[in-house]
Amino acid sequence: MAVDLDQIRAIAERVAASLGVEVVEIEIRGGGKSRMLRIFIDKPSGVTHEDCVNLSREVSTILDVEDAVPGGSYLLEVSSPGLDRKLVRPGDFERFQGSRIKLTTKEPVNGNRHFEGRLEHFEAGRLTLDLASAGKKPKPHAEAPQRLEIELANLEKANLVPEI
């Protein structure tokens, strides 16, 4: 019997909302007795160890009662998404405006699929990336645009770039 990630996400999001955190991502790895269910959570002030423990305890109990992970045996891991967290939903792009990001598009934009820069703006499914702030020196004689607009639907993946 297959694992229903939508059911697990609904359970995790319900618990997360009651604890004041958001579910960023859910993934399941492995099979049989070596399955690992990972839930990544976040909140504006940062995730604490206590946040992870509380969510893990409550979600684990509900998953077991509702038999949401068929086959019984799994390891549940709850953690923060890290400094290089994935950006997936529109809310992620709204929240992290002004941050440096790295992204890959599905279809090339100006002949390239890989970009890094500052997320300048996000609105109506389009993000504006300031490439001049990527911290890399431009190639001599390159007339690349300093700002780039990309449709959210064209994103393959996007991550924050840690600024330490």
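**View 1. A buried pair, aspartate 51 and lysine 43.** In this predicted model, both aspartate 51 and lysine 43 are buried. Their side chains form a salt bridge, with 2.9 Å between the closest N and O atoms. Elsewhere, shared partners link Glu22, Asp42, Arg85, Arg89, Asp92 and Arg95 into one salt-bridge network. Searching the whole structure turns up 18 salt bridges.

View 2. H2 runs over residues 49-65, and its 17 residues reach 25 Å from first C-alpha to last, close to the expected 24 Å. Asp51 turns up again here, buried along with Cys52, Asn54, Leu55, Val59 and Leu63. These residues share one side of H2 because they cover an arc of only 165° around the axis. What do the buried residues of H2 pack against? Helix H1 (5-19), strand S2 (36-42) and strand S3 (75-79). Over on the other side of H2, His49, Glu50 and Val65 are exposed. Just past the end of H2, aspartate 67 takes a positive phi, about 50°.

**View 3. Glutamate 27 meets arginine 38.** Here the side chains make a salt bridge at 3.0 Å, N to O. Glutamate 27 sits in strand S1 (residues 22-29) and arginine 38 in strand S2, so the pair ties together parts 11 residues apart in sequence. Glutamate 27 is buried at 13% relative accessibility, while arginine 38 is partly exposed at 24%.

**View 4. A pair within helix H1.** Glutamate 13 and arginine 9 are 4 residues apart in H1, about one turn of the helix. Their side chains meet in a salt bridge of 3.0 Å, N to O. Glutamate 13 is partly exposed, at 35% relative accessible area; arginine 9 is also partly exposed, at 24%.

Terms used
Residues are numbered from 1 along each chain as its sequence is written. This is a predicted model: local features need pLDDT of at least 70, side-chain atom pairs count only at pLDDT 80 or more; totals for chains, interfaces and linings use all residues. Side-chain values use heavy atoms; hydrogens and water are left out. Helices (H or I, at least four residues) and strands (E, at least two) are DSSP runs, numbered from the N terminus. The expected span of a helix is 1.5 Å times one less than its number of residues. Buried means under 20% relative accessible area, exposed over 50%, partly exposed in between (1.4 Å probe, protein chains only). The arc is that of the directions from the helix axis to the C-beta atoms. Contact means heavy atoms within 4.5 Å. A salt bridge is a side-chain nitrogen of Lys or Arg within 4 Å of a carboxyl oxygen of Asp or Glu.
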